[in-house]
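Subject: Handover of a structure model

Dear colleague,

Please find below the structure that I am handing over to you.

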Amino acid sequence: MRKIMGFAGTAASLALSLGALSIATNTASASEAGTAAGVIRVCKDASMRNCVTTSNTISDAGKQVPGYQDSISSIGNGTSTAVCFFEHNNYQGRSIRIPGGASVVDLSSHGLNDALSSWRPAPPPGGPTC
Ligand SMILES: [Ca+2]
């Protein structure tokens, strides 16, 4: 885990400039990060700590995942499809796309620490971006 985080830190500025394409620089496999297959885990702290399991579709984290709105610092996507996480309720604002089976162990590397408020499965290839 320490090794992964160190790499993510050095890649942070690159990740910011490349956007969604660079997410692989800051991901670990969901199973490696402790997320069971088929579920979404959102965590108040980095490195998958202080987590709760949720649905893959949440329009208002303040109501549907009490205590986690604007508090999430790491995410595990144990589902088989990509999920888009958004800055505001109802899938608005800045976003981050997390591939199926991947985790982001520190959202601060993407400028989205303590900022996310909704999420849903990503559009199919060729559709609109997150
Ligand atoms: Ca947090």
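This is a predicted model: local features need pLDDT of at least 70, side-chain atom pairs count only at pLDDT 80 or more; totals for chains, interfaces and linings use all residues.

Overall layout

The protein chain contains three helices and eight strands. Read from the N terminus, its elements follow the order α-α-β-β-β-α-β-β-β-β-β. Of the 130 residues in the protein chain, 35% are buried. Where contacts link residues at least 6 apart in sequence, 67% of them join residues at least 24 apart.

Five strands make up an open sheet, arranged in the order 1-7-4-2-3 with antiparallel pairing. Its edges are strand 1 (27-29) and strand 3, each of which pairs on one side only. On average, neighbouring strands of this sheet are turned by 20° against each other, with direction ignored.

Strand 2 (residues 40-45) and strand 3 (residues 49-54) run antiparallel and are joined by five bridges. Along this pairing, Arg-41 has Thr-53 in strand 3 as its bridge partner. Cys-43 stands opposite Cys-51 in strand 3, and Asp-45 has Arg-49 as its bridge partner in that strand. The hairpin of strand 2 and strand 3 has three residues between the strands, and Ser-47 takes a positive phi near 60° there.

Strand 2 also runs antiparallel to strand 4 (residues 74-77), and four bridges join the two. In this pairing, Val-42 stands opposite Ile-75 in strand 4.

Strand 5 (residues 83-88) runs antiparallel to strand 8, with four bridges between them. Phe-85 stands opposite Trp-119 in strand 8.

The nonpolar core

In soluble globular proteins, nonpolar side chains tend to be buried together. In this model, the largest nonpolar core has 28 residues. Those with the most contacts inside this core are Val-42, Ile-72, Ile-75, Val-83, Phe-85, Ile-98 and Leu-116. Strand 2, strand 5, strand 6 and strand 7 (102-104) are the elements that give two or more residues to the core.

Leaving aside residues up to four places away in sequence, Val-42 touches Cys-51, Val-52, Thr-54, Val-65, Tyr-68, Ile-72 and Ile-75. Ile-75, one of these contacts, is also the residue opposite Val-42 in strand 4.

Residues in the loops

Which residues other than glycine have a positive phi, and are they buried or partly exposed? One of them is Met-48, which is not a glycine and has a positive phi of about 60°. Met-48 lies in the loop between strand 2 and strand 3. Met-48 counts as buried because it has 24 C-beta neighbours inside 10 Å, the threshold being 20 or more.

Asp-70 is another such residue, with a positive phi near 55°. Its place is in the loop between helix 3 (61-64) and strand 4. Asp-70 has 13 other C-beta atoms within 10 Å and is therefore partly exposed, since a residue is exposed at 12 or fewer and buried at 20 or more.

Asn-56 is found in the loop between strand 3 and helix 3. With 16 other C-beta atoms within 10 Å, Asn-56 is partly exposed. Not counting residues up to four places away in sequence, Asn-56 touches Ile-40, Thr-79, Val-83 and Pro-121. Asn-56 and Thr-79 are 23 residues apart in sequence, and the distance between their C-alpha atoms is 8.2 Å. Val-83, also touched by Asn-56, is among the residues with the most contacts inside the largest nonpolar core.

Yours sincerely

Definitions and conventions: Residues are numbered from 1 along each chain as its sequence is written. Two strands pair if DSSP finds at least two bridges between them. A nonpolar core is a set of buried Ala, Val, Leu, Ile, Met, Phe, Trp, Tyr and Cys residues joined through C-beta atoms within 7 Å. Two residues are in contact if their C-beta atoms, placed from the backbone, lie within 7 Å. Axes are lines fitted to C-alpha atoms, for helices over the stretch in contact, and angles run from 0 to 180 degrees between N-to-C directions.
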